[in-house]
Amino acid sequence: MQPIQSAAELYAHAIAIEREAAERYSEFAERMADLGNEAVAELFDRLAGFEAEHLETLLRRTDGVELPQPIAGAYRWLDAGAPETAARELIFRLMTPRHALEIALAAEKRAQAFFERA
């Protein structure tokens with residue numbers, strides 16, 4: 001990844017990271033509830049809420065600011081394809097609570113590394 005050149009570019013990346021996290025945590029919460037694991041579903045639901053708050057804060061701060069578009073799919077946790085792909089459905093069918101937590105932890109570490117580099 002090339003170095004961040006402006007505040008607007010940093011905001012654009014941060015928004016993409018937060019949006020992906022909020023969406024994935026919501027999906028993971030739903031999947032864990034489907035599996036009957038209410039404790040992990042509640043954890044992911046709370047995390048989705050935190051990420052949604054972060055996203056809303058970023059969107060408010062950049063209201064009226066022209067933001068560049070980060071590379072499409074650059075922050076996808078599972079794949080860069082459409083959400084309807086067969087591979088994605090297979091991942092969700094096979095996903096255990098441990099897998100979901102590992103995916104989330106890896107994504108959070110990637111986000112942390114991005115912000116440390118930026």
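Modeller: Happy to! Let's begin with Arg24, which counts as buried because its relative accessibility is 3%; buried means under 20% relative accessible area, exposed over 50% and partly exposed in between, with a 1.4 Å probe and protein chains only. Please keep in mind that this is a predicted model, in which local features need pLDDT of at least 70 and side-chain atom pairs count only at pLDDT 80 or more, while totals for chains, interfaces and linings use all residues. Residues are numbered from 1 along each chain as its sequence is written, and side-chain values use heavy atoms, with hydrogens and water left out.

Arg24 sits in helix α1, which covers residues 7-34. Helices (H or I, at least four residues) and strands (E, at least two) are DSSP runs, numbered from the N terminus.

What does the side chain of Arg24 join in a polar contact? Its partner is the side chain of Glu20, at 2.6 Å. A polar contact is a pair of N or O atoms within 3.5 Å; within protein, one must be able to donate a hydrogen and the other to accept it, and residues adjacent in sequence count only if both atoms are side-chain atoms. Glu20 also belongs to α1 and is buried, with a relative accessible area of 6%. Leaving aside residues up to four places away in sequence, Glu20 touches Tyr75, Arg76 and Trp77, where contact means heavy atoms within 4.5 Å.

Arg19 is another residue of α1. Its relative accessibility is 36%, so Arg19 counts as partly exposed. Arg19 touches Leu55 and Leu59, again not counting residues up to four places away in sequence. Between Arg19 and Tyr75 there are 56 residues of separation in sequence and 9.3 Å in space, C-alpha to C-alpha.

Now for the way α1 packs. The axes of α1 and α4 come within 11 Å and cross at roughly 170 degrees; axes are lines fitted to C-alpha atoms, for helices over the stretch in contact, and angles run from 0 to 180 degrees between N-to-C directions. The two helices are therefore roughly antiparallel to each other (under 35 degrees counts as roughly parallel, over 145 as roughly antiparallel, 65 to 115 as roughly perpendicular and the rest as oblique). On the α1 side the contact includes Leu10, Ile17 and Phe28, and on the α4 side Ile103, Ala111 and Phe114 are among the residues. By class, this contact of α1 with α4 has 13 nonpolar, one polar and one charged residues. Here Ala, Val, Leu, Ile, Met, Phe, Trp, Tyr, Cys and Pro count as nonpolar, Asp, Glu, Lys and Arg as charged, and the others, Gly among them, as polar.

Helix α2 (residues 38-61) meets α4 as well, with axes that come within 11 Å and cross at roughly 25 degrees. That makes α2 roughly parallel to α4. Val40, Leu43, Phe44 and Glu51 of α2 meet Pro97, Ala100, Leu101, Ala104 and Glu108 of α4. The residues of this contact divide into seven nonpolar, no polar and two charged.

Stepping back, the chain has four helices and zero strands. Buried residues make up 31% of its 118 residues. Among contacts with a separation of 6 or more, 79% come from residues 24 or more positions apart.
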